[in-house]
Amino acid sequence: MSGSPVRGEKTCPLGGEKFEIVETMMCTIMGRTMSFRQVTTCEFVTKLPVCPSNGLPLYREFSERELEQLGKFVETEDYKVIRKLPPWQRAYKLAEVLEHTRSKGAFLILLQAFWFENEALLKNGDLFEEFIEEAEAEFGRVDKEKPFVAAITGYALALADETELADEWLARAVSLADAMDEQNENADYLRAYLSRVSECQDNMASQACHPDAVFRP
């Protein structure tokens, strides 16, 4: 069943509405894109379930207290504005309401937005700025993942034409990659990726530098 779609059912925690999602038993990873998103055999899965009627993105398991708070919030004018956003960006705005920002979970939400809603995120200046702030917070939290956080953030800033900040983040990534143990199997891959990003900086609009372009060392 690896790489095969399996129909599943989800229940919206607000209102009890049932809706269909697509799952799979197993995925095979086949590399990464220039945005560092994994390329898999199951691109068809439902990555973020969204309740059809109220548009609530189920980005986490909500507590009873959080559901009570969200139940009130979805009736407000503010939610009508947020609901116009793509699902991952909408999820981040809800994380703000629930005071879940500046956390690993919040960083991962906006990383998914960068991967799956790239053009919309780049056009949303406020949320893209939040993405960089969340990346800075994540950079401070992690250890082994630091060079990868720096590399992804540098690439994102280069896409957004934030050249000076992109150079700063990519310099961080290069320095950290150079300091990696030669026995680390990720070292050569990361250095090859950073080299490709450096080449792309002269022409980020090229097809080979697109966020969805497959990266091959």
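**The largest pocket and its surroundings**

Reply: Fifteen residues, written as 15 in the count, line the largest pocket, and Arg32, Phe36, Glu145, Phe148 and Ile152 lie nearest its centre. A pocket is an open set of 1 Å grid points over the protein atoms alone where a 1.4 Å probe fits, with protein on both sides within 12 Å along at least five of seven lines; lining residues have an atom within 4 Å of a point. The model is predicted: local features need pLDDT of at least 70 and side-chain atom pairs 80 or more, while totals for chains, interfaces and linings use all residues. Residues are numbered from 1 along each chain as its sequence is written, and side-chain values use heavy atoms, without hydrogens and water.

The space in the largest pocket is about 320 Å³ (the volume filled by probe spheres on points joined across faces, edges and corners). H4 and helix H7 (146-159) each supply at least two lining residues (helices are DSSP runs of H or I, at least four residues, and strands of E, at least two, numbered from the N terminus). The largest share, 5 residues, comes from H4. By class, the lining holds 10 nonpolar, 1 polar and 4 charged residues (Ala, Val, Leu, Ile, Met, Phe, Trp, Tyr, Cys and Pro are nonpolar; Asp, Glu, Lys and Arg charged; the others, Gly among them, polar).

Cys27 lies in the loop between S2 and strand S3 (29-33) and Cys42 in the loop between S4 and H1, 15 residues apart. Cys42 counts as buried at 4% relative accessibility, whereas Cys27 is partly exposed at 35% (buried is under 20% relative accessible area, exposed over 50%, partly exposed in between; 1.4 Å probe, protein chains only).

The loop between S4 and H1 also holds Cys51, whose partner Cys12 lies in the loop between strand S1 (5-11) and strand S2 (18-24). The sulfur atoms of Cys12 and Cys51 are 2.2 Å apart, and both residues are buried.

Key: Disulfide = S-S within 2.5 Å.
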